[in-house]
Amino acid sequence: MRDFAAIDFETANWNRESVCSVGVVIVREGKEAGRFYSLIRPTPNFYSRRCTEVHGLTREDTDGERLFPDVWREVAPLIEGLPLVAHNSVFDEGCLKAVFKVYGLDYPNYEFHCTCRASRRMFGRELPNHQLQTVAARCGYDLTLHHNALADAEACAVIAMEIL
C-alpha cells in the first residue's frame with residue numbers, strides 16, 4: 001500500500017463519539033506527504049479518569065476547541081480518495097461512525113485497513129503482543145509519545161508502509 005491516510009482518535013470517555021483529538025498522516029507514493037493534528041471538544045463533554053490517565057487530556061484542554069464537524073471539514077479533503085489505516089481499526093472506525101451519527105452527518109463509507117490484524121498475520125508469535133508500541137518497535141519506530149493521536153497515527157503509517 002503506497003497511498004493511504006493513517007488515522008488515530010483519542011476519546012474523552014468510554015463513549016466512542018467522545019473523540020477529543022485526531023491525528024492523521026497522509027502517505028503518497030510510499031512517503032509521508034502531510035500530517036494533521038487537532039484537539040476536539042468532545043460530545044458528550046466529560047472525561048473519565050481512566051481515559052485521562054491514558055492520553056493525558058482533560059476537559060480544560062479541550063473546552064475552547066472546535067467541535068468535530070468543524071475539525072472534520074479540514075480533515076476530509078486531506079483524506080479524500082484514500083483508504084484509511086488504523087491500529088485496531090475497529091476502534092477508530094467505530095469512533096468515526098459514532099461521531100458522524102451524533103452530528104447527523106452522512107458517513108461516506110471510508111475504506112479501513114487494520115495494522116493490528118496485519119501484524120498478527122505477518123509477525124504471528126514472533127511478537128509478545130500486537131499492541132501499537134510493540135509493532136511500531138518491530139518496524140523500527142520508537143513510539144515515545146504513545147496515546148498522542150498524531151504520534152500514534154505516525155507509528156501506524158510506519159507499520160503500514162512496512163507490512164501492508
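A polar contact here is a pair of N or O atoms within 3.5 Å; within protein, one atom must be able to donate a hydrogen and the other to accept it, and residues adjacent in sequence count only if both atoms are side-chain atoms. The model is predicted: local features need pLDDT of at least 70, side-chain atom pairs count only at pLDDT 80 or more, and totals for chains, interfaces and linings use all residues. Residues are numbered from 1 along each chain as its sequence is written, and side-chain values use heavy atoms, with hydrogens and water left out.

**Two histidines**

H130 sits in the loop between helix 5 and helix 6. Helices (H or I, at least four residues) and strands (E, at least two) are DSSP runs, numbered from the N terminus. A polar atom of the H130 side chain lies 2.9 Å from the backbone oxygen of G124. H130 has a relative accessible area of 14% and is buried. Buried means under 20% relative accessible area, exposed over 50%, and partly exposed in between (1.4 Å probe, protein chains only).

What does H130 touch beyond its neighbours within four places in sequence? Its contacts (heavy atoms within 4.5 Å) are H87, C116, S119, R120, F123, G124 and V135.

H87 lies in the loop between strand 4 and helix 4. It counts as buried, at 12% relative accessibility. Its side chain makes a polar contact with the side chain of T115 at 2.7 Å. The H87 side chain also reaches the backbone nitrogen of L132, at 3.4 Å. Leaving out residues up to four places away in sequence, H87 touches D92, T115, C116, H130, Q131, L132, V135, C156 and I159. In sequence, H87 and A6 are 81 residues apart; in space, their C-alpha atoms are 8.7 Å apart.

Y110 belongs to the loop between helix 4 (89–102) and strand 5 (112–114). Its relative accessibility is 17%, so Y110 counts as buried. The Y110 side chain makes a polar contact with that of W72, at 3.2 Å. Not counting residues up to four places away in sequence, Y110 touches W72, A76, I79, L84, E93, L96 and F100. Y110 and E80 are 30 residues apart in sequence, and 9.2 Å apart from C-alpha to C-alpha.

A nonpolar core is a set of buried Ala, Val, Leu, Ile, Met, Phe, Trp, Tyr and Cys residues joined through side-chain atoms within 4.5 Å. The largest one has 23 residues, of which I7, F9, V24, F68, W72, I79 and L96 touch the most other members. Strand 1, strand 2, helix 3 (68–79), strand 4 and helix 4 each supply at least two residues of this core. Helix 3 gives the largest share, five residues. Another core, of 13 residues, lies apart from it, with A151, A155, I159 and I163 among its members. In soluble globular proteins, nonpolar side chains tend to be buried together.

**Helix 7**

Helix 7 covers residues 149–163, and at 1.5 Å a residue its 15 residues should span 21 Å. That expected span is 1.5 Å times one less than the number of residues. The end C-alpha atoms are 21 Å apart, which agrees.

How many residues of helix 7 are buried? The count is 12 of the 15, so helix 7 is largely enclosed by the rest of the structure. Among the buried ones are L150, D152, E154, C156 and I159. The buried residues pack against strand 1 (4–11), strand 2 (19–28), strand 3 (31–39), strand 4 (84–86), helix 5 (115–123) and helix 6 (132–138). N148 caps the N-terminal end of helix 7, with a side-chain oxygen 2.9 Å from the backbone nitrogen of L150.

**Cysteines**

A disulfide is a pair of cysteine sulfur atoms within 2.5 Å. A search of the whole structure finds zero of them. Two cysteines that are in no disulfide are listed here.

| Cysteine | Nearest cysteine sulfur | Distance |
|---|---|---|
| C20 | C51 | 7.6 Å |
| C114 | C116 | 5.1 Å |

C20 is buried, at a relative accessible area of 0%. C114 also counts as buried, at 6% relative accessibility.

**Record**

UniProt lists residues 3–164 for "domain: Exonuclease", in an unreviewed entry. Its positions are given in the numbering used here, feature names are shortened, and annotations may be inferred rather than shown by experiment. Over residues 3–164 the chain is 42% helix and 20% strand, with the end C-alpha atoms 11 Å apart.
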